[in-house]
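User: I would like to go through this model in short questions. Please keep the answers brisk.

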Amino acid sequence: KTKVFVARDNQIEEAELKEASAVIRSGGLVAFPTETVYGLGGDATNPEASRKIYAAKGRPSDNPLIVHIADFSQLEDIVAEVPQEARDLAEAFWPGPLTMILRKNEVIPYETTGGLDTVAIRMPSHPVARRFLQDSGCMIAAPSANISGRPSPTTAQHVWEDLQGKIEVLLDGGPVGIGIESTIVDLSEDQPMILRPGFITQEMLSQVLGQVGMDPGIASENSKKPPKAPGMRYRHYAPKADLTLVEGHMDQVIAKINALTGEAQVKGQSVGVLATAENQDAYIADHVIVIGQREDEAEIARHLFDVLRQFDTLGVDVIYSESFAAAGVGQAIMNRLLKAAGHKRIFV
Ligand code: TXA
Ligand code: MG
């Protein structure tokens, strides 16, 4: 059975915190909030704990986990060497929504890194995550706390839906602040490269590192090279319904979505539309879900995965979605939406 410990003002009660820490230290699983999405945590140095994480998520074991740390010295303990770029990025963005890929040493087992000689490391800023990392004294391996293939969890309720009964403890810190997973930057090769876009944008990383590349494998489904991050190769975030993105001038996007909606409804299908607040009244679909104000990218990112889960609950057959800017945080939003859509998009 899964115990739920609720934080008040970002504080877990002392006795509950101690219990969660004991679970982690003895190889058990604890889901916890981070500023990006909820994580499904186990002791990163314990191969048995990592195996349990894969089993609970139903995740392929060649898809590596992110190691969460409380202190920069823990990074020094688990990597082969610390490049200057890692120090500079930590200085600028840690604690926060940035994951670095570095060459590992023997401390982190291959069970945690999916057999790779590199390790993904992140220092989260969420106060509950920080307190939990400090109190347990463990480095915590944590993928997003969803069943593999479902949208990442941004509330404790999402975690409960997916993992109840499969984990010992769920730390409930309320809805998260960012809502999309951390930016992943690979520092294990000559040129720093973004493997997964996130809230820390390419522009922000470039200000610290100079040139930062974007993994060409994530740009489109039929790129010649597969994405370097194994997790970016799988269909992911996918709602049950068939999702298509519509891109172009907003008036034409609305007209196109309404035309497609009409066609689907004639066939007896139930239609959902993912809309920005300013357009919500323009659609004729059965269910219009507002993701946020178009100019507020942070709000759109925060609501994205919850909106995808809502469509599952409503049981719509098809979903049409507006599109977002290709720069800044929009880059991460579009990356997640395109993955959810299996790269189905229509330009008008
Ligand atoms: O915001 C986040 O990063 C959340 C919270 C819980 O910290 N975690 C998260 O973990 O999103 P997960 O497992 O859902 O995604 C980790 C991604 C996967 O795409 C995985 O393939 C990639 O990171 N990854 C992990 N280690 C890697 C490595 N050594 N080389 C390349 N990619 C790696
Ligand atoms: Mg994930």
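User: How many bridges join strand E4 to E6?
Analyst: This is a predicted model. Strand E4 covers residues 66-68 and runs parallel to E6. The number of bridges joining E4 to E6 is three.

User: Which residue of E6 does methionine 100 stand opposite?
Analyst: Strand E5 spans 98-103. E5 and E6 run antiparallel, joined by five bridges. Methionine 100 stands opposite isoleucine 121.

User: Which residues of E6 point the other way from Thr118, Ala120 and Arg122?
Analyst: In a regular strand, side chains alternate between the two faces of the sheet. In E6, Thr118, Ala120 and Arg122 share one direction. Five of the five residues of E6 are buried. Those pointing the other way are Val119 and Ile121.

User: Which strand gives the most to the shell around ligand 1?
Analyst: Strand E5 (98-103) and strand E6 (118-122) each supply at least two residues of this shell. The top contribution is four residues. The strand that gives them is E6.

User: Which residues come nearest to ligand 1?
Analyst: The shell holds 28 residues. By class, 15 are nonpolar, 10 polar and three charged. Nearest to ligand 1 come Thr36, Gly39, Ala120, Pro143 and Gly231.

User: What covers the buried residues of H2?
Analyst: Helix H2 takes in residues 47-57. Its buried residues are Ala49, Ser50, Lys52, Ile53, Tyr54, Ala56 and Lys57. Their cover includes strand E3 (39-43), strand E7 (140-141) and helix H6 (156-163).

User: Which residue follows H2?
Analyst: The residue after this helix has a positive phi. That phi is near 70 degrees. The residue is glycine 58.

User: What distance separates the centres of domain 1 and domain 2?
Analyst: The protein chain is divided into domain 1, residues 3-232, and domain 2, residues 242-347. The centres are taken over C-alpha atoms. They are separated by 28 Å.

User: How many residues of domain 2 are in contact with domain 1?
Analyst: Contact here means C-beta atoms within 7 Å. Domain 1 brings 18 residues to these contacts. By class, that side of domain 1 has six nonpolar, 10 polar and two charged residues. From domain 2, the number of residues in contact is 15.

Note on methods. Residues are numbered from 1 along each chain as its sequence is written. Chains are lettered from A and ligands numbered from 1 in the order in which they are written. This is a predicted model: local features need pLDDT of at least 70, side-chain atom pairs count only at pLDDT 80 or more; totals for chains, interfaces and linings use all residues. A residue is near a molecule or strand if its C-beta atom, placed from the backbone, lies within 6 Å of it. Ala, Val, Leu, Ile, Met, Phe, Trp, Tyr, Cys and Pro count as nonpolar, Asp, Glu, Lys and Arg as charged, and the others, Gly among them, as polar. A residue is buried if 20 or more other C-beta atoms lie within 10 Å of its own, exposed if 12 or fewer, and partly exposed in between; C-beta atoms are placed from the backbone. Two strands pair if DSSP finds at least two bridges between them. Two residues are in contact if their C-beta atoms, placed from the backbone, lie within 7 Å. Domain bounds come from an automatic or database domain assignment.
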